[in-house]
Amino acid sequence: MSAAVGLLVTACGGATVATTTTTDTGHVTNVANSQTQVTAEELRITLEQQLGQHALLAIEAMRAGVDGQEHYDAAAAALGKNTEDLTESIRLVYGDEAASKFNTLWTNHIGFFVDYTTGLAKGDKAKQQKALKQLDQYRQDFGAFLEGATNGKLTQSAVAELLQHHVDQLVSQIDAYHAGDYQRAAAIEREAYAHMFETAQGLASAIVSTQDGFAGSVEGQAVDLRSSLGQLLGEHAQLAMEAMRSGVAGEKDFNAIAGALNDNTEDLTAAMSSVFGEEGGQAFMKMWANHIDFFVQYTVGLAEGDKAAQDAALKRLEQYRQDFAQFLDTASQGNIPSEVVAESLQSHVNQLVEQVKTFHAGDYQTAFSTGDEAYSHMYHTAEALSAGIVAFMGGEMPSGGVETGAGGTAK
Amino acid sequence: MARRHRILAPFVGLLLLLTACGGDDDQSTTDRPGTTTAGPSLGAVKSYRSVRVPESMPEPVAVSIPAIDVRGPLTETGLNDDRSLEVPEFGELSWFAEGAAPGEPGPAAILGHVDTESGPDVFYRLRELSTGDRVIVTVKGGEKLVFVVGRVEQHAKTRFPIEKVWLPTAEPELRLITCGGEFDQSRDSYRDNIIAFASLHEE
């Protein structure tokens with residue numbers, strides 16, 4: 001069973017595809033969804049996680065490709081694994097035939113990005129133009145696929161427009177990267193990742209409104225909170241890993257990636273401030289900044305072969321784990337228990353350390369598979385964190401309505 | 001200001017402790033540039049320090065809502081001891097200062113009366129807002145933040161949608177709140193609240 005199906009099934013208590021009822025919609029044969037345990041919320045979050053990861057991994061693979069870096073094959077394989085995860089999600093909703101069609105279209109569009117990158121690296125304008133033309137056709141084809149799948153809820157033109165942003169973002173970031181404008185490339189990476197969340201939410205809404213069996217709603221404040229935290233924490237893990245890899249390899253884009261990581265930290269801090277107040281946000285930021293610094297210190301120790309520096313950084317990370325877990329427990333008045341946070345952070349620390357260690361050793365495959373785990377782990381963390389925040393906020397929010405009228409116009 | 005002190009004593013103690021691939025039509029995906037290896041350059045990595053100073057939004061000082069001809073300075077309100085919202089004075093547009101500031105992630109709120117005992121008040125026409133209407137908040141220093149109304153809802157005060165209005169959001173949002181619905185003469189109170197939900201418009 002793939003990770004994607006596993007995630008949905010785990011979250012929903014044992015859903016399986018069991019029906020063969022079909023309806024021909026022209027482009028895609030819909031399989032009526034019988035997974036009554038699969039909630040609309042889980043569908044949205046899963047698609048956000050997978051589509052967000054697609055953008056991040058495509059960008060990482062394109063950069064490795066244009067620079068001819070050794071980890072290109074591993075990055076491309078990780079992107080391929082993400083495609084399989086997405087395919088399983090499509091299969092769960094629409095069945096085998098649609099999954100196969102999706103997989104072909106999706107795989108091809110990745111190939112077009114690779115071709116563009118290759119053309120860029122070699123200065124082959126014709127190859128770049130051909131790839132862009134193929135991406136243009138892909139937008140139309142994929143739009144038709146989704147229009148059929150969603151019974152017209154998502155129109156071909158709307159999907160094609162969403163994809164235009166995706167194509168523009170991925171192309172412009174690699175253009176900037178290749179030109180040495182790493183800051184612009186990093187800024188576009190954040191936009192490209194965020195764009196996938198809009199896409200995922202729209203897709204989840206369309207699926208839920210045209211397929212039976214998804215309990216609940218894809219929208220709502222609590223779902224939005226979980227989604228936002230997943231987005232920010234997933235991005236944190238990815239950018240931290242990119243910075244560590246860039247740092248340990250002495251790449252020129254380190255400062256730009258670290259800058260994007262800072263922007264992510266500011267966004268996370270703002271989100272935490274809206275829960276725990278300004279002082280809480282400041283305390284969060286200080287600890288969060290420390291733990292990023294400790295990862296960077298570990299990375300420097302690794303690059304220099306300084307075992308003592310690595311051990312010292314790991315010791316600081318261990319202390320951070322305890323302190324941060326206690327912070328969230330205290331700030332949330334026990335609604336985010338310290339033992340839950342400490343356990344989650346242990347995985348986070350282990351994964352980030354392992355991925356840079358293996359990357360440095362040239363075991364890129366393990367580095368990227370561990371990176372996949374680290375990214376996914378953040379979405380579980382976001383689920384636990386958002387549930388704790390909702391529970392905590394229950395006692396913090398203003399109660400009831402407000403008396404803002406004396407009746408002078410009604411009496 | 002209250003919103004700066006939401007976390008109380010236990011938290012301050014803690015703070016002190018902590019100061020320390022696929023292919024195209026001709027399947028050419030294996031066609032890629034040759035491998036290169038970057039030379040080690042650890043200077044930037046060694047000197048890196050993560051950002052530690054949060055951005056803070058200046059406090060709001062005025063609001064204007066052209067669609068319903070509302071404009072004026074902002075006062076501030078907070079919470080009563082029972083966690084109910086403090087009621088602004090008649091004629092005032094009031095920022096709920098224990099929540100987010102407009103422009104910060106989270107739900108900021110501006111309250112105003114629908115009427116006084118003798119006639120319409122500042123938010124008399126709030127119910128007329130519709131999707132796409134703009135709300136412009138001016139903050140200290142003169143920056144203007146443009147929010148766009150997404151929807152306007154009416155809810156019984158007894159079933160006020162607390163989570164929908166107040167749960168944290170990762171993006172800056174704004175709620176405009178007043179009274180509406182039927183006026184209950186026996187309780188001298190409107191039965192409902194009108195709530196306009198708006199999001200920050202990013203250029």
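How many helices and how many strands are there in chain A? Twelve helices and two strands. Hi everyone, that's where I'd like to start today. One thing to keep in mind throughout: this is a predicted model.

Okay, chain A. If you follow the sequence along, the pattern goes α-β-β-α-α-α-α-α-α-α-α-α-α-α. Chain A has 411 residues, and 63% of them count as buried. Now take the contacts in chain A with a separation of 6 or more: 72% of those are between residues 24 or more positions apart.

How confident is the predictor here? For chain A the mean pLDDT is 90, and 91% of the residues reach 70 or more. Where pLDDT is low, the predicted coordinates should not be read in detail.

Next, salt bridges. Over all chains, the structure holds 29 of them. I'll walk you through a few.

One is between A:Asp224 and A:Arg44, with N and O 2.9 Å apart. A:Asp224 sits in helix α8, residues 221–249, and A:Arg44 in helix α2, residues 40–67, so this pair ties together parts of chain A that are 180 residues apart in sequence. Are the two partners buried or exposed? A:Asp224 has 26% relative accessibility, so it counts as partly exposed. A:Arg44 is at 3%, so that one is buried.

Here's another: A:Asp267 with A:Arg190, where the closest N and O atoms are 2.8 Å apart. This pair also links distant parts of the chain, 77 residues apart: A:Asp267 is in helix α9, residues 254–304, and A:Arg190 is in helix α7, residues 182–210. A:Asp267 has a relative accessible area of 32%, which makes it partly exposed. For A:Arg190 the figure is 17%, and the cut-off for buried is under 20%, so A:Arg190 is buried.

There's a network too: A:Glu41, A:Glu42, A:Arg226 and A:Glu383 are linked by salt bridges.

Before we leave chain A, a quick look at A:Thr366. You'll find A:Thr366 in helix α12, residues 364–393, and at 25% relative accessibility it's partly exposed. Which residues does A:Thr366 contact, leaving aside neighbours within four places in sequence? A:Glu354 and A:Thr358. The C-alpha atoms of A:Thr366 and A:Glu354 are 8.5 Å apart, and the two residues are twelve residues apart along the chain.

On to chain B, which has three helices and eight strands. From the N terminus, the elements run α-α-β-β-β-β-β-β-α-β-β. There are 203 residues in chain B, and buried ones make up 50%. Chain B has its own salt bridges, including one between B:Arg71 and B:Asp69, at 3.4 Å from N to O. Both B:Arg71 and B:Asp69 are exposed.

The size of an interface is often given as the accessible area lost when the parts come together.

On the polar side, 22 residue pairs are in polar contact between chain B and chain A, counting pairs where both are at pLDDT 80 or more. Which parts of chain B face chain A?

Last stop: A:Asp293, in helix α9 of chain A. Not counting residues up to four places away in sequence, A:Asp293 touches B:Tyr48, B:Arg49, B:Ser50 and B:Arg52. And at 3% relative accessibility, A:Asp293 counts as buried.

Note on methods
Residues numbered from 1 in each chain as written. Chains lettered and ligands numbered in written order. Predicted model: local features only at pLDDT ≥ 70, side-chain atom pairs only at ≥ 80, totals over all residues. Heavy atoms only, no water. Polar contact = N/O pair within 3.5 Å; in protein donor to acceptor, adjacent residues only side chain to side chain. pLDDT = per-residue confidence, 0-100. Helix = DSSP H or I, 4+ residues; strand = E, 2+ residues; numbered from the N terminus. Buried < 20%, exposed > 50% of the residue type's maximum accessible area, 1.4 Å probe, protein only. Contact = heavy atoms within 4.5 Å. Salt bridge = Lys/Arg side-chain N within 4 Å of Asp/Glu carboxyl O.
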